[in-house]
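Hi everyone, thanks for making time. Let me put the structure up on the screen, and then we can walk through it together.

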Amino acid sequence: QVQVMESGGGSVMAGGSLRLSCATSEYSSSPYCMGWFRRASVQERERVASIVTDGGSTYYADSVKGRFTISQRSNANDTATAILLMNNLKPEDTAMYYCAADWSRDCRNGVFEFGYWGQGTQVTVSS
């Protein structure tokens with residue numbers, strides 16, 4: 001059973017920074033794509049950023065462009081790590097953040113499944 005594990009959430013003042021980390025457990029291969037999503041209290045889940053692994057394309061929601069950076073590394077034991085660096089945080093960034101991994105080859109062409117999810121990590125930004 002594949003596991004996806006997030007870490008790095010917390011509370012910060014507006015303008016501050018946080019670094020979220022996501023790791024996948026060993027599987028038949030590293031995922032083809034990884035992504036970060038968030039859900040605020042009563043809102044729909046939003047894809048914040050995603051990346052095609054091993055140097056592929058990235059996506060950012062308009063609300064985070066220029067402030068968030070996603071990176072990814074595939075490891076020799078078929079695990080992978082994804083980092084979301086969040087700068088200049090705003091109160092509206094407050095949400096539960098989830099990491100997801102996608103092992104479908106189609107995700108490299110923008111057709112995502114994101115079949116495996118972590119438990120989430122809370123980010124709270126105070127004004």
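Let's start with the largest nonpolar core, which has 29 residues in this predicted model. Trp-36, Phe-68, Leu-84, Met-86 and Tyr-97 are the members with the most contacts inside that core. Where do the core residues come from? At least two are supplied by each of S3, strand S4 (33–39), strand S5 (46–52), S7, S8, strand S9 (95–102) and strand S11 (121–126).

Leaving aside residues up to four places away in sequence, Met-86 touches Gly-16, Ser-17, Leu-18, Leu-20, Arg-67, Phe-68, Tyr-97 and Val-123. One of those, Leu-18, stands opposite Met-86, which sits in S8.

That takes us to the pairing of S3 and S8. Strand S3 covers residues 18–24 and strand S8 residues 80–86; the two run antiparallel and are joined by six bridges. Further along, Cys-22 faces Ala-82 of S8. How much of S3 is buried? Five of its seven residues are, so to speak, tucked away: S3 is mostly covered.

On to the sheet as a whole. Four strands make an open sheet, ordered S1-S3-S8-S7, with antiparallel pairing. Strand S1 (4–7) and strand S7 (68–74) are the edges; each has a single partner strand, so one side of each lacks a neighbour in the sheet. From one strand to the next, the twist averages 15 degrees.

Conventions: Residues are numbered from 1 along each chain as its sequence is written. This is a predicted model: local features need pLDDT of at least 70, side-chain atom pairs count only at pLDDT 80 or more; totals for chains, interfaces and linings use all residues. Side-chain values use heavy atoms; hydrogens and water are left out. Two strands pair if DSSP finds at least two bridges between them. Axes are lines fitted to C-alpha atoms, for helices over the stretch in contact, and angles run from 0 to 180 degrees between N-to-C directions. A nonpolar core is a set of buried Ala, Val, Leu, Ile, Met, Phe, Trp, Tyr and Cys residues joined through side-chain atoms within 4.5 Å. Buried means under 20% relative accessible area, exposed over 50%, partly exposed in between (1.4 Å probe, protein chains only). Contact means heavy atoms within 4.5 Å.
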